[in-house]
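Reader: I have a new model to go through. Can we take it feature by feature, with the general idea ahead of each case?

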Amino acid sequence: MPAAPRHRLVGREALVEELTEHLAQCAPGPGRPAAVVVGPPGAGKTALILRAAHGVRERFPDGQVFVDLHSPGSLPVTPDALVRRVLRSLGGAPAAEHPHPHPHPEESRARLRHALSSRRVLVVLDNVDSEAQVRPLLVDGGRSAVLVAARRELSALPGRFGRRIGALEEPEAYRALADLVGAERVRAERPAALSVVRSCAGLPLAVHIAGLWLTARPHRPLRDLADRLADERERLSALRIGDLSLRASVSAYYRPLPPPLRTALRQLAAAPADFTPSRTPAGPLGTPPADLLEELVHRQLLHTDTTAPHGDLHYRLHDAVRLYVSGAPWPPRSEQSPPQPGDGLCGDR
């Protein structure tokens, strides 16, 4: 597995404990459900599952396998390709000199089920996009476990142990920034620090990038970054350092969308911040707006608010998604030409 995050996961402590307790239940039975963490781009799913996975490594002495299913192209990683990858990691793939080095997919799945049911293995999947990618790893009566970070709800997985994460509350995001930048420096410029946190909309990835940017520039006042982030036109460009990019995280969710959903997102980006289905413009293909809205919620690009007055169901685009869609070319670049090197390769951290 990749290294565990070095920084404190502010606001996620209880979730880490829940995940580790679930994964630590090693008694064989009818099949331990996969632990699934789902959330919008930049919510910190990767950091969360890695922290939990490292906390239980000793309970899985026969192996820990990490697979990032993010695909920078248009085609997702297939379940059969994932099965072959995990088998190779566990030493169960046929050797090159085997008369049938590429066995039938069902034979490979059976070999993997046998490996997972007879050993204690932890399989960690990042950037999962469908239930089909997880199903081959679920076995009955074994002591292995599966931990998943998903970009959409995996509602069809049997008995999944699901947890949904989103943005941090403002005090939590403020503490996360202080952990990285230093409490004294943040206290000395509290208004600027709060402005940075609010521009990051509480997204752990955005706050982390902002903290790293400031840490690398101890001679710069926090107000410099606060002013850059205050300009929405520059915000996504500013929230990037090294190989970490909030824009790339949103792009990984946006690129696989079918055209009707992309069009719906562009319509919603121009709508009021909070809206109800009755105020949402109809889709260009006559698709009922409610269906499009629910699919975008399912894909973690839109979230609902049931605390609105009169009990109405309100919807809101995640802030980073709104900024990305507002600045995306139309038609989307991925429909004009192949992805450019380094564009959209950074998964959710």
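Reader: Take Pro76. Is Pro76 buried, exposed or partly exposed?

Author: Start with relative accessible area. Buried means under 20%, exposed means over 50%, and partly exposed is what lies in between. The model here is a predicted one. Pro76 has a relative accessible area of 49%, so it counts as partly exposed.

Reader: Where does Pro76 sit, and what does Pro76 touch?

Author: Pro76 is in the loop between β2 (64-68) and α3 (79-89). Leave out residues up to four places away in sequence, and Pro76 touches Ser71 and Gln133. Gln133 is 57 residues from Pro76 along the chain, with 9.6 Å between the two C-alpha atoms.

Reader: How do I read a positive phi?

Author: Begin with the background. Most residues other than glycine have a negative phi. Now the cases. Ala201 is not a glycine, yet its phi is positive, about 55°. Gln300 also has a positive phi, near 65°, in a residue other than glycine.

Reader: Where are Ala201 and Gln300 placed?

Author: Ala201 follows α7, in the loop between α7 and α8. Gln300 is in the loop between α13 (289-298) and β8 (302-305).

Reader: Next, helix α7. Why is α7 described as largely enclosed?

Author: Count the buried residues in the helix. In α7 (residues 190-199), seven of the ten residues are buried, so the rest of the structure largely encloses it. The buried ones are Ala192, Ala193, Leu194, Ser195, Val196, Val197 and Ser199.

Reader: What covers the buried residues of α7?

Author: The cover includes α5 (170-181), α6 (183-188), α8, α9 (222-230), α10 and α14.

Reader: Let me turn to α14. Which residues of α14 are buried?

Author: Think of the helix turn. An α-helix has 3.6 residues a turn, so residues three or four places apart point the same way. In α14 the buried residues are Ala320, Val321, Leu323, Tyr324 and Val325. They pack against α10 (232-238), α11 (246-254), α12 and β9.

Reader: And the nonpolar cores?

Author: The general idea is brief. In soluble globular proteins, nonpolar side chains tend to be buried together. Here the largest nonpolar core has 56 residues, and Leu177, Leu265 and Leu302 touch the most other members. Helix α8 (residues 204-215) gives the most to this core, with seven residues. Apart from it lies another core of 25 residues, among them Val83, Leu112, Ala115 and Ala150.

Reader: Which residues is Leu265 in contact with?

Author: Set aside neighbours within four places in sequence. Leu265 is then in contact with Tyr254, Leu257, Leu296, Leu301, Leu317, Val321 and Val325. Val321 and Val325 are also among the buried residues of α14.

Reader: How many cavities are there?

Author: Read a cavity by its volume, then its lining. The structure holds four cavities of 30 Å³ or more.

Reader: What lines the second largest cavity?

Author: Asp129, Arg151, Arg152, Ala252, Tyr253, Pro256, Arg299 and Leu301 line it. The volume is about 70 Å³. The lining has four nonpolar, no polar and four charged residues.

Reader: Now the second largest pocket. What is its volume, and which residues lie nearest its centre?

Author: A pocket is open, whereas a probe cannot get out of a cavity. The second largest pocket has a volume of about 280 Å³. Its lining has 17 residues, with His303, Arg316, Leu317, His318 and Asp319 nearest the centre. Twelve lining residues are nonpolar, two polar and three charged.

Reader: Which elements supply that lining?

Author: α12 (259-269), β9 (314-317) and α14 (319-327) each supply at least two residues. α14 gives the most, with three.

Reader: Last, the chain as a whole. How many helices and strands are there?

Author: The protein chain has 15 helices and nine strands. Of its 349 residues, 48% are buried.

Methods:
Residues are numbered from 1 along each chain as its sequence is written. This is a predicted model: local features need pLDDT of at least 70, side-chain atom pairs count only at pLDDT 80 or more; totals for chains, interfaces and linings use all residues. Side-chain values use heavy atoms; hydrogens and water are left out. On a 1 Å grid over the protein atoms alone, a cavity is a set of points where a 1.4 Å probe fits but cannot get out, and a pocket is an open set with protein on both sides within 12 Å along at least five of seven lines; lining residues have an atom within 4 Å of a point. Grid points are joined across faces, edges and corners, and a volume is the space filled by probe spheres set on the points. Ala, Val, Leu, Ile, Met, Phe, Trp, Tyr, Cys and Pro count as nonpolar, Asp, Glu, Lys and Arg as charged, and the others, Gly among them, as polar. A nonpolar core is a set of buried Ala, Val, Leu, Ile, Met, Phe, Trp, Tyr and Cys residues joined through side-chain atoms within 4.5 Å. Buried means under 20% relative accessible area, exposed over 50%, partly exposed in between (1.4 Å probe, protein chains only). Helices (H or I, at least four residues) and strands (E, at least two) are DSSP runs, numbered from the N terminus. Contact means heavy atoms within 4.5 Å.
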